[in-house]
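Thanks for coming. I have one structure to walk through today, and I will keep it plain. Please look at the chain while I talk.

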Amino acid sequence: MKAEVELLDCPACTHLVSSMAPACPQCGHPMNSGSRSVTTIQGTSKSIKAVKLLALVIIFGGLYKGVTEAESSYFALALSGLALYIIAVFAKWWFHD
Ligand SMILES: [Zn+2]
């Protein structure tokens, strides 16, 4: 009879852990794939939030500079910030689906 147990690297300490084990015996890091995918989604939405914030800074910074300095290239910058914001909204929708 062939054993179906895989060995996985613990993400916390790189100790080899059986795929059947709920946690790493070396450091206690949880090994079930369910909690790992939750961590990935949380990390993704966090970075999308950072991109959205950056996009808002570019939009309002560009608009402010464009108005106060009457320089059209700042409006182009604001527009690219808007495009970045739309991409971030789309990415959020994509990863949450
Ligand atoms: Zn470990």
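I will go from the whole chain to single residues.

To begin, this is a predicted model. The average pLDDT of the protein chain is 85, and 85% of the residues score at least 70. Where is confidence lowest, and where is it highest? Helix α1, residues 33-69, has the lowest mean, at 82. Helix α2, residues 72-96, has the highest, at 91.

Now the layout. The protein chain contains 2 helices and 2 strands. Starting at the N terminus, their order is β-β-α-α. How many of the residues count as buried? Of the 97 residues in the protein chain, the share is 8%. As for contacts with a separation of 6 or more, 23% of them join residues 24 or more positions apart.

Next, the strand end of the chain. Val17 sits in strand β2. Is Val17 buried or exposed? Val17 counts as buried because 22 C-beta neighbours lie inside 10 Å, and the cut-off for buried is 20 or more. Leaving out residues up to four places away in sequence, Val17 touches Leu7, Leu8, Cys10, Cys24, Pro25 and Met31. Take Met31 from that list: Val17 and Met31 are 14 residues apart along the chain, and their C-alpha atoms are separated by 8.2 Å.

Staying in this part, look at Thr14. Thr14 is in the loop between β1 (7-9) and β2 (16-18). Thr14 has 11 C-beta neighbours inside 10 Å, so Thr14 counts as exposed. The phi angle of Thr14 is near 65°, which is a positive value in a residue other than glycine.

Where does Ala70 lie? Ala70 is in the loop between α1 and α2. Why is Ala70 called exposed? Because Ala70 has 8 other C-beta atoms within 10 Å, and a residue with 12 or fewer is exposed.

Leu63 belongs to helix α1. Leu63 counts as partly exposed, because 17 C-beta neighbours lie inside 10 Å.

Ala76 is placed in helix α2. Ala76 has 12 other C-beta atoms within 10 Å, so Ala76 is exposed.

Last, Tyr85, another residue of helix α2. Tyr85 is partly exposed, because 18 other C-beta atoms lie within 10 Å. Which residues does Tyr85 touch, not counting those up to four places away in sequence? They are Lys52, Ala55, Leu56 and Ile59. For a distance, take Tyr85 and Ile58: they are 27 residues apart in sequence, and 9.6 Å apart in space from C-alpha to C-alpha.

How values were computed. Residues numbered from 1 in each chain as written. Predicted model: local features only at pLDDT ≥ 70, side-chain atom pairs only at ≥ 80, totals over all residues. Helix = DSSP H or I, 4+ residues; strand = E, 2+ residues; numbered from the N terminus. Contact = placed C-beta atoms within 7 Å. pLDDT = per-residue confidence, 0-100.
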